[in-house]
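Please look at the sequence and the model first, then read on.

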Amino acid sequence: MKNIFITGGLGYIGSHTCVVLLEAGFQVSIIDNLCNSNPGVLDRIECITGVRPVFYRGDIRDRPLLDDIFSKQSFDAVIHFAGLKAVGESVEKPVDYYDNNVNGSLSLFIAMKKVKLQTLVFSSSATVYGDPHSLPITEDFPCSATNPYGGSKLMVENILSDLAVAEPGWSIGRLRYFNPVGAHAGGLIGEDPKGVPNNLMPYIAQVASGRRNKLQVFGGDYPTPDGSGVRDYIHVMDLAEGHLAALRYCQINNGLLTVNLGTGQGISVIQMIETFERVTGQKVAFEIVGRRPGDIAQCWTDPTLAKQLLGWSAGRSIEDMCTDAWRWQDLNPSGYDEG
Ligand code: NAD
Ligand code: UFG
(Lines give C-alpha, C1' and ligand atoms only; values in the text may rest on other atoms or scores of the structure.)
(Ligands and ions follow the chains in the order given, each with its own letter.)
Protein backbone atom coordinates (compact mmCIF):
# COMPACT_ATOMS: atom_id res chain seq x y z
CA MET A 1 0.00 0.00 0.00
CA LYS A 2 2.07 2.86 -1.25
CA ASN A 3 0.30 5.00 -3.82
CA ILE A 4 -2.63 7.04 -2.55
CA PHE A 5 -5.13 9.13 -4.55
CA ILE A 6 -6.39 12.08 -2.54
CA THR A 7 -9.46 14.08 -3.54
CA GLY A 8 -9.55 17.62 -2.17
CA GLY A 9 -5.92 17.25 -1.15
CA LEU A 10 -5.15 20.96 -1.38
CA GLY A 11 -7.79 21.83 1.21
CA TYR A 12 -7.32 22.30 4.93
CA ILE A 13 -7.44 18.71 6.20
CA GLY A 14 -6.24 17.20 2.92
CA SER A 15 -3.03 19.23 2.82
CA HIS A 16 -2.07 18.24 6.37
CA THR A 17 -2.85 14.61 5.61
CA CYS A 18 -0.67 14.76 2.46
CA VAL A 19 2.24 15.94 4.62
CA VAL A 20 1.75 13.10 7.11
CA LEU A 21 1.49 10.49 4.32
CA LEU A 22 4.52 11.78 2.42
CA GLU A 23 6.55 11.80 5.62
CA ALA A 24 5.45 8.20 6.24
CA GLY A 25 6.83 7.22 2.82
CA PHE A 26 3.62 7.09 0.76
CA GLN A 27 3.30 8.45 -2.76
CA VAL A 28 0.51 10.94 -3.10
CA SER A 29 -1.53 12.15 -6.08
CA ILE A 30 -4.09 14.90 -5.60
CA ILE A 31 -7.19 15.92 -7.51
CA ASP A 32 -8.69 19.29 -6.59
CA ASN A 33 -10.82 21.78 -8.52
CA LEU A 34 -9.51 24.68 -6.37
CA CYS A 35 -13.04 25.81 -5.51
CA ASN A 36 -11.90 26.29 -1.91
CA SER A 37 -8.12 26.08 -2.09
CA ASN A 38 -5.03 27.60 -3.59
CA PRO A 39 -2.47 25.94 -5.90
CA GLY A 40 0.31 27.50 -3.77
CA VAL A 41 -0.41 24.76 -1.23
CA LEU A 42 1.56 22.38 -3.46
CA ASP A 43 4.71 24.49 -3.02
CA ARG A 44 4.20 24.50 0.73
CA ILE A 45 3.75 20.72 0.87
CA GLU A 46 6.94 20.34 -1.18
CA CYS A 47 8.78 22.75 1.09
CA ILE A 48 7.82 20.76 4.21
CA THR A 49 8.34 17.25 2.87
CA GLY A 50 10.81 17.65 -0.01
CA VAL A 51 8.32 15.90 -2.30
CA ARG A 52 5.90 17.49 -4.75
CA PRO A 53 2.72 15.44 -5.06
CA VAL A 54 1.33 14.70 -8.51
CA PHE A 55 -1.49 17.21 -9.03
CA TYR A 56 -4.57 17.03 -11.25
CA ARG A 57 -6.61 20.19 -11.44
CA GLY A 58 -10.13 18.93 -11.99
CA ASP A 59 -13.50 18.02 -10.59
CA ILE A 60 -14.38 14.61 -9.20
CA ARG A 61 -17.70 14.83 -11.05
CA ASP A 62 -15.71 14.66 -14.28
CA ARG A 63 -15.93 10.90 -14.91
CA PRO A 64 -13.80 10.84 -18.08
CA LEU A 65 -11.05 12.66 -16.20
CA LEU A 66 -11.14 10.12 -13.34
CA ASP A 67 -11.14 7.23 -15.84
CA ASP A 68 -8.18 8.78 -17.58
CA ILE A 69 -6.22 9.23 -14.35
CA PHE A 70 -7.00 5.68 -13.18
CA SER A 71 -5.98 4.25 -16.56
CA LYS A 72 -2.60 5.94 -16.40
CA GLN A 73 -1.74 5.52 -12.75
CA SER A 74 -2.42 2.64 -10.42
CA PHE A 75 -3.45 3.40 -6.83
CA ASP A 76 -3.67 1.31 -3.68
CA ALA A 77 -6.23 3.47 -1.90
CA VAL A 78 -8.26 6.67 -2.07
CA ILE A 79 -8.79 9.25 0.63
CA HIS A 80 -11.86 11.28 -0.26
CA PHE A 81 -11.89 14.81 1.20
CA ALA A 82 -13.36 16.75 -1.74
CA GLY A 83 -16.64 18.40 -0.92
CA LEU A 84 -18.39 21.58 0.12
CA LYS A 85 -18.59 22.09 3.87
CA ALA A 86 -20.33 25.31 4.91
CA VAL A 87 -23.49 24.45 6.83
CA GLY A 88 -25.20 27.84 6.32
CA GLU A 89 -24.43 27.91 2.60
CA SER A 90 -25.82 24.39 2.26
CA VAL A 91 -29.23 25.63 3.47
CA GLU A 92 -29.21 28.31 0.76
CA LYS A 93 -27.81 26.09 -2.02
CA PRO A 94 -28.96 22.53 -1.27
CA VAL A 95 -28.78 21.38 -4.88
CA ASP A 96 -25.14 22.48 -5.17
CA TYR A 97 -24.30 20.61 -1.99
CA TYR A 98 -26.00 17.37 -2.99
CA ASP A 99 -24.51 17.64 -6.47
CA ASN A 100 -20.96 18.19 -5.31
CA ASN A 101 -20.94 15.95 -2.25
CA VAL A 102 -23.21 13.09 -3.36
CA ASN A 103 -22.80 13.10 -7.16
CA GLY A 104 -19.09 13.79 -6.76
CA SER A 105 -18.74 10.81 -4.43
CA LEU A 106 -20.75 8.54 -6.73
CA SER A 107 -18.64 9.55 -9.70
CA LEU A 108 -15.52 8.65 -7.72
CA PHE A 109 -16.91 5.30 -6.53
CA ILE A 110 -17.97 4.34 -10.09
CA ALA A 111 -14.49 5.13 -11.41
CA MET A 112 -12.92 3.14 -8.56
CA LYS A 113 -15.18 0.15 -9.26
CA LYS A 114 -14.16 0.16 -12.89
CA VAL A 115 -10.49 -0.42 -12.03
CA LYS A 116 -11.21 -2.59 -8.95
CA LEU A 117 -9.75 0.00 -6.63
CA GLN A 118 -11.58 -0.99 -3.43
CA THR A 119 -9.88 0.74 -0.51
CA LEU A 120 -11.40 4.05 0.53
CA VAL A 121 -11.26 6.44 3.47
CA PHE A 122 -14.11 8.96 3.52
CA SER A 123 -14.37 12.31 5.35
CA SER A 124 -17.57 12.24 7.31
CA SER A 125 -18.52 14.48 10.18
CA ALA A 126 -19.88 14.54 13.71
CA THR A 127 -22.73 16.49 12.16
CA VAL A 128 -24.30 13.12 11.23
CA TYR A 129 -25.24 12.70 14.92
CA GLY A 130 -27.56 15.74 14.77
CA ASP A 131 -28.39 16.84 18.31
CA PRO A 132 -27.12 13.87 20.38
CA HIS A 133 -29.39 12.51 23.13
CA SER A 134 -26.46 12.18 25.57
CA LEU A 135 -22.68 12.54 25.80
CA PRO A 136 -20.09 11.37 25.00
CA ILE A 137 -21.05 10.28 21.48
CA THR A 138 -20.30 6.69 20.50
CA GLU A 139 -20.44 5.38 16.95
CA ASP A 140 -23.70 3.48 17.55
CA PHE A 141 -25.66 6.69 18.28
CA PRO A 142 -28.59 7.35 15.91
CA CYS A 143 -27.82 9.53 12.91
CA SER A 144 -29.90 12.35 11.51
CA ALA A 145 -29.41 15.37 9.32
CA THR A 146 -30.33 18.88 10.40
CA ASN A 147 -29.15 20.64 7.21
CA PRO A 148 -28.32 19.73 3.57
CA TYR A 149 -24.58 19.50 4.31
CA GLY A 150 -25.23 16.90 7.01
CA GLY A 151 -27.77 15.24 4.71
CA SER A 152 -25.15 14.89 1.98
CA LYS A 153 -22.66 13.30 4.40
CA LEU A 154 -25.30 10.88 5.62
CA MET A 155 -26.27 9.92 2.07
CA VAL A 156 -22.67 9.11 1.18
CA GLU A 157 -22.29 7.15 4.43
CA ASN A 158 -25.37 5.11 3.46
CA ILE A 159 -24.08 4.49 -0.07
CA LEU A 160 -20.84 3.21 1.45
CA SER A 161 -22.51 0.87 3.92
CA ASP A 162 -24.64 -0.59 1.10
CA LEU A 163 -21.53 -0.99 -1.04
CA ALA A 164 -19.66 -2.77 1.75
CA VAL A 165 -22.54 -5.27 2.05
CA ALA A 166 -22.93 -5.80 -1.70
CA GLU A 167 -19.23 -6.11 -2.51
CA PRO A 168 -17.28 -7.63 0.37
CA GLY A 169 -13.94 -7.01 -1.36
CA TRP A 170 -14.17 -3.34 -0.42
CA SER A 171 -12.41 -1.89 2.57
CA ILE A 172 -14.08 1.36 3.61
CA GLY A 173 -13.37 3.76 6.44
CA ARG A 174 -15.99 6.34 7.36
CA LEU A 175 -14.24 8.85 9.62
CA ARG A 176 -16.51 11.14 11.60
CA TYR A 177 -14.44 14.20 12.45
CA PHE A 178 -15.24 16.41 15.39
CA ASN A 179 -13.91 20.02 15.17
CA PRO A 180 -10.54 20.23 13.40
CA VAL A 181 -8.46 23.31 14.29
CA GLY A 182 -4.81 24.41 14.36
CA ALA A 183 -2.13 24.06 11.71
CA HIS A 184 1.13 22.32 10.91
CA ALA A 185 3.71 23.46 13.48
CA GLY A 186 5.99 24.92 10.79
CA GLY A 187 3.41 27.62 9.95
CA LEU A 188 3.52 26.91 6.20
CA ILE A 189 0.10 25.30 5.84
CA GLY A 190 -3.11 25.99 7.72
CA GLU A 191 -6.77 26.87 7.41
CA ASP A 192 -7.42 29.62 4.85
CA PRO A 193 -11.15 30.28 4.68
CA LYS A 194 -12.38 32.45 1.83
CA GLY A 195 -14.23 35.58 3.05
CA VAL A 196 -15.61 35.79 6.56
CA PRO A 197 -14.75 32.61 8.50
CA ASN A 198 -17.68 30.44 9.57
CA ASN A 199 -15.68 28.51 12.12
CA LEU A 200 -14.52 29.60 15.54
CA MET A 201 -10.73 29.22 15.44
CA PRO A 202 -10.00 31.08 12.19
CA TYR A 203 -12.31 33.85 13.38
CA ILE A 204 -10.44 34.11 16.71
CA ALA A 205 -7.11 34.19 14.87
CA GLN A 206 -8.30 36.94 12.51
CA VAL A 207 -9.54 39.08 15.43
CA ALA A 208 -6.19 38.60 17.19
CA SER A 209 -4.34 39.70 14.04
CA GLY A 210 -6.49 42.82 13.67
CA ARG A 211 -8.13 41.66 10.44
CA ARG A 212 -11.53 41.63 12.17
CA ASN A 213 -12.79 43.78 15.02
CA LYS A 214 -14.59 41.47 17.33
CA LEU A 215 -15.68 37.85 17.69
CA GLN A 216 -19.36 37.22 18.19
CA VAL A 217 -19.90 34.42 20.67
CA PHE A 218 -23.06 32.74 19.50
CA GLY A 219 -25.09 32.11 22.66
CA GLY A 220 -24.33 32.68 26.33
CA ASP A 221 -27.31 30.80 27.69
CA TYR A 222 -26.63 27.18 26.75
CA PRO A 223 -26.87 24.58 29.53
CA THR A 224 -23.05 24.41 29.69
CA PRO A 225 -20.71 25.47 32.54
CA ASP A 226 -20.23 29.03 31.20
CA GLY A 227 -23.24 29.25 28.87
CA SER A 228 -21.25 29.14 25.62
CA GLY A 229 -21.25 26.19 23.19
CA VAL A 230 -19.00 23.21 23.90
CA ARG A 231 -17.16 21.24 21.18
CA ASP A 232 -14.50 18.57 20.84
CA TYR A 233 -11.68 20.45 19.06
CA ILE A 234 -9.03 18.23 17.51
CA HIS A 235 -5.64 19.37 16.22
CA VAL A 236 -5.56 18.98 12.44
CA MET A 237 -2.21 17.14 12.66
CA ASP A 238 -3.76 14.58 15.03
CA LEU A 239 -6.60 14.23 12.55
CA ALA A 240 -4.13 13.79 9.69
CA GLU A 241 -2.37 11.05 11.66
CA GLY A 242 -5.78 9.47 12.24
CA HIS A 243 -6.07 9.08 8.46
CA LEU A 244 -2.74 7.30 8.33
CA ALA A 245 -3.95 4.92 11.05
CA ALA A 246 -7.25 4.37 9.22
CA LEU A 247 -5.43 3.68 5.97
CA ARG A 248 -3.29 1.06 7.68
CA TYR A 249 -6.38 -0.50 9.23
CA CYS A 250 -8.18 -0.62 5.88
CA GLN A 251 -5.13 -2.22 4.30
CA ILE A 252 -5.60 -5.35 6.41
CA ASN A 253 -9.35 -5.37 7.15
CA ASN A 254 -12.11 -5.69 4.58
CA GLY A 255 -15.58 -4.33 5.22
CA LEU A 256 -16.82 -1.16 6.84
CA LEU A 257 -15.05 0.84 9.54
CA THR A 258 -16.98 3.68 11.16
CA VAL A 259 -15.07 5.67 13.72
CA ASN A 260 -15.20 9.02 15.51
CA LEU A 261 -12.04 11.12 15.45
CA GLY A 262 -11.91 13.58 18.34
CA THR A 263 -10.12 14.03 21.66
CA GLY A 264 -12.98 13.11 23.98
CA GLN A 265 -12.74 16.52 25.68
CA GLY A 266 -15.33 19.28 25.40
CA ILE A 267 -14.15 22.91 25.46
CA SER A 268 -16.40 25.98 25.51
CA VAL A 269 -16.07 28.99 23.24
CA ILE A 270 -15.11 31.16 26.23
CA GLN A 271 -12.48 28.63 27.35
CA MET A 272 -11.06 28.60 23.83
CA ILE A 273 -10.79 32.41 23.78
CA GLU A 274 -9.11 32.45 27.21
CA THR A 275 -6.62 29.73 26.20
CA PHE A 276 -5.81 31.50 22.95
CA GLU A 277 -5.15 34.78 24.76
CA ARG A 278 -3.00 33.07 27.41
CA VAL A 279 -0.74 31.11 25.07
CA THR A 280 -0.36 33.73 22.33
CA GLY A 281 -0.41 36.93 24.40
CA GLN A 282 -2.91 38.37 21.88
CA LYS A 283 -6.17 40.01 22.90
CA VAL A 284 -9.38 38.64 21.38
CA ALA A 285 -12.22 41.15 21.65
CA PHE A 286 -15.61 39.46 21.83
CA GLU A 287 -19.26 40.04 22.59
CA ILE A 288 -21.90 37.50 23.49
CA VAL A 289 -24.82 37.57 21.06
CA GLY A 290 -27.81 35.35 20.33
CA ARG A 291 -27.53 31.68 19.43
CA ARG A 292 -26.66 30.75 15.84
CA PRO A 293 -29.61 28.90 14.26
CA GLY A 294 -28.95 25.18 13.98
CA ASP A 295 -26.18 25.06 16.62
CA ILE A 296 -26.30 22.43 19.34
CA ALA A 297 -25.25 23.10 22.95
CA GLN A 298 -22.49 20.58 23.27
CA CYS A 299 -20.78 17.73 21.50
CA TRP A 300 -17.83 15.50 22.20
CA THR A 301 -16.81 11.96 21.35
CA ASP A 302 -16.01 8.84 23.23
CA PRO A 303 -12.55 8.19 21.71
CA THR A 304 -12.41 4.53 22.82
CA LEU A 305 -13.20 2.83 19.51
CA ALA A 306 -10.55 4.77 17.57
CA LYS A 307 -7.98 3.76 20.18
CA GLN A 308 -9.08 0.11 20.13
CA LEU A 309 -9.31 -0.35 16.37
CA LEU A 310 -6.73 2.07 15.03
CA GLY A 311 -4.31 2.30 17.96
CA TRP A 312 -4.71 6.06 17.50
CA SER A 313 -5.58 8.84 19.88
CA ALA A 314 -5.29 12.60 19.68
CA GLY A 315 -2.26 13.77 21.66
CA ARG A 316 -2.04 17.52 21.05
CA SER A 317 -3.49 19.93 23.60
CA ILE A 318 -5.80 22.93 23.29
CA GLU A 319 -2.69 25.05 23.92
CA ASP A 320 -0.98 23.40 20.91
CA MET A 321 -4.05 24.07 18.77
CA CYS A 322 -4.04 27.79 19.71
CA THR A 323 -0.26 28.20 19.36
CA ASP A 324 -0.19 26.56 15.93
CA ALA A 325 -3.31 28.37 14.66
CA TRP A 326 -1.74 31.68 15.71
CA ARG A 327 1.66 30.92 14.16
CA TRP A 328 -0.05 30.16 10.84
CA GLN A 329 -2.16 33.35 11.05
CA ASP A 330 0.79 35.51 12.11
CA LEU A 331 3.12 34.26 9.36
CA ASN A 332 0.38 34.30 6.68
CA PRO A 333 -1.93 37.22 7.49
CA SER A 334 -3.66 36.90 4.11
CA GLY A 335 -3.56 33.12 4.04
CA TYR A 336 -2.10 31.71 0.82
CA ASP A 337 -2.77 34.98 -1.02
CA GLU A 338 0.47 36.75 -0.25
CA GLY A 339 -0.32 40.35 -0.98
P1 NAD B 1 -11.66 22.32 2.41
O2 NAD B 1 -12.73 23.09 1.72
O3 NAD B 1 -10.50 23.07 2.94
O4 NAD B 1 -11.11 21.16 1.44
C5 NAD B 1 -11.93 20.53 0.47
C6 NAD B 1 -11.16 20.55 -0.85
O7 NAD B 1 -11.92 19.90 -1.85
C8 NAD B 1 -10.89 21.97 -1.35
O9 NAD B 1 -9.52 22.07 -1.71
C10 NAD B 1 -11.79 22.10 -2.59
O11 NAD B 1 -11.22 22.96 -3.56
C12 NAD B 1 -11.90 20.67 -3.03
N13 NAD B 1 -13.14 20.32 -3.76
C14 NAD B 1 -14.42 20.58 -3.40
N15 NAD B 1 -15.27 20.05 -4.30
C16 NAD B 1 -14.52 19.43 -5.24
C17 NAD B 1 -14.82 18.70 -6.42
N18 NAD B 1 -16.08 18.51 -6.81
N19 NAD B 1 -13.79 18.20 -7.14
C20 NAD B 1 -12.51 18.39 -6.76
N21 NAD B 1 -12.16 19.08 -5.66
C22 NAD B 1 -13.17 19.60 -4.91
O23 NAD B 1 -12.36 21.48 3.58
P24 NAD B 1 -11.68 20.65 4.77
O25 NAD B 1 -11.95 21.38 6.03
O26 NAD B 1 -10.30 20.27 4.43
O27 NAD B 1 -12.65 19.39 4.76
C28 NAD B 1 -12.32 18.20 4.05
C29 NAD B 1 -13.47 17.22 4.19
O30 NAD B 1 -13.72 16.97 5.58
C31 NAD B 1 -14.78 17.72 3.59
O32 NAD B 1 -15.44 16.64 2.96
C33 NAD B 1 -15.57 18.17 4.81
O34 NAD B 1 -16.95 18.08 4.61
C35 NAD B 1 -15.09 17.19 5.87
N36 NAD B 1 -15.19 17.73 7.25
C37 NAD B 1 -14.61 18.93 7.56
C38 NAD B 1 -14.76 19.45 8.87
C39 NAD B 1 -14.18 20.77 9.23
O40 NAD B 1 -14.60 21.36 10.23
N41 NAD B 1 -13.18 21.29 8.53
C42 NAD B 1 -15.46 18.72 9.84
C43 NAD B 1 -16.02 17.49 9.49
C44 NAD B 1 -15.87 16.99 8.18
N1 UFG C 1 -18.88 30.09 17.27
C2 UFG C 1 -18.98 31.37 17.76
N3 UFG C 1 -18.64 32.41 16.96
C4 UFG C 1 -18.20 32.23 15.68
C5 UFG C 1 -18.08 30.91 15.17
C6 UFG C 1 -18.45 29.86 16.00
O7 UFG C 1 -19.38 31.57 18.91
O8 UFG C 1 -17.93 33.24 14.99
C9 UFG C 1 -19.21 28.95 18.15
C10 UFG C 1 -20.36 28.10 17.64
O11 UFG C 1 -21.60 28.65 18.04
C12 UFG C 1 -20.04 26.75 18.27
C13 UFG C 1 -18.51 26.72 18.30
O14 UFG C 1 -18.09 28.09 18.20
O15 UFG C 1 -20.50 26.73 19.61
C16 UFG C 1 -17.91 25.95 17.13
O17 UFG C 1 -18.45 26.44 15.92
P18 UFG C 1 -17.83 26.08 14.49
O19 UFG C 1 -18.61 26.83 13.47
O20 UFG C 1 -16.35 26.27 14.51
O21 UFG C 1 -18.07 24.51 14.38
P22 UFG C 1 -19.42 23.66 14.44
O23 UFG C 1 -19.35 22.79 15.66
O24 UFG C 1 -20.61 24.51 14.30
O25 UFG C 1 -19.29 22.79 13.12
C26 UFG C 1 -18.06 22.20 12.71
C27 UFG C 1 -18.01 22.20 11.18
C28 UFG C 1 -19.07 21.29 10.64
C29 UFG C 1 -18.94 19.92 11.26
C30 UFG C 1 -18.97 20.03 12.78
C31 UFG C 1 -18.75 18.69 13.43
O32 UFG C 1 -18.19 23.50 10.67
O33 UFG C 1 -18.91 21.16 9.26
O34 UFG C 1 -17.94 20.91 13.21
O35 UFG C 1 -17.62 18.10 12.96
F36 UFG C 1 -19.96 19.16 10.86
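Helix 1, strand 5 (119-125) and helix 6 (148-166) each supply at least two residues of the shell around ligand 1. Helices (H or I, at least four residues) and strands (E, at least two) are DSSP runs, numbered from the N terminus. Strand 5 provides the largest share of this shell, three residues. There are 28 residues around ligand 1, and Asp 32, Asn 36, Ser 37, Asn 100 and Tyr 149 come nearest; a residue is near a molecule or strand if one of its heavy atoms lies within 4 Å of it. By class, the shell around ligand 1 holds 12 nonpolar, 11 polar and five charged residues. Here Ala, Val, Leu, Ile, Met, Phe, Trp, Tyr, Cys and Pro count as nonpolar, Asp, Glu, Lys and Arg as charged, and the others, Gly among them, as polar.

The side chain of Asn 36 has an N or O atom 2.7 Å from an oxygen atom of ligand 1. A polar side-chain atom of Asn 100 is 2.7 Å from a nitrogen atom of ligand 1, and an N or O atom in the side chain of Asp 59 lies 3.1 Å from a nitrogen atom of ligand 1. On its own, ligand 1 has 820 Å² of accessible area, of which the protein covers 95%. Accessible areas come from the Shrake-Rupley method with a 1.4 Å probe; for residues, only the protein chains shown count as cover.

## Basis of the model

The model is predicted: local features need pLDDT of at least 70, side-chain atom pairs count only at pLDDT 80 or more, and totals for chains, interfaces and linings use all residues. Residues are numbered from 1 along each chain as its sequence is written, chains are lettered from A and ligands numbered from 1 in the order in which they are written, and side-chain values use heavy atoms, with hydrogens and water left out.

Ligand 2 has 21 residues around it, and Ser 125, Gln 216, Arg 231, Arg 292 and Asp 295 come nearest. Strand 8 (residues 215-218) gives the most to this shell, with four residues. The shell around ligand 2 consists of 10 nonpolar, seven polar and four charged residues.

A polar backbone atom of Gln 216 lies 2.7 Å from a nitrogen atom of ligand 2. An oxygen atom of ligand 2 is 2.9 Å from a backbone N or O atom of Phe 218, and a polar side-chain atom of Arg 292 is 2.8 Å from an oxygen atom of ligand 2. Taken alone, ligand 2 exposes 690 Å², and the protein buries 89% of that.

## Helix packing

Helix 1 (residues 12-23) packs against helix 2 (residues 40-49) at an angle of about 30°, with the axes 10 Å apart. Axes are lines fitted to C-alpha atoms, for helices over the stretch in contact, and angles run from 0 to 180 degrees between N-to-C directions. Helix 1 and helix 2 are therefore roughly parallel to each other (angles under 35 degrees count as roughly parallel, over 145 as roughly antiparallel, 65 to 115 as roughly perpendicular and the rest as oblique).

Helix 5 (residues 94-114) and helix 6 pack at an angle of about 20°, and their axes are 9 Å apart. Helix 5 and helix 6 are therefore also roughly parallel to each other.

## Backbone details

Leu 135 and Pro 136 are joined by a cis peptide bond, with omega about -5°. Pro 136 is in the loop between strand 5 and helix 6.

Leu 34 is not a glycine, yet has a positive phi of about 65°. Leu 34 belongs to the loop between strand 2 (27-32) and helix 2.

Key. A polar contact is a pair of N or O atoms within 3.5 Å; within protein, one must be able to donate a hydrogen and the other to accept it, and residues adjacent in sequence count only if both atoms are side-chain atoms.
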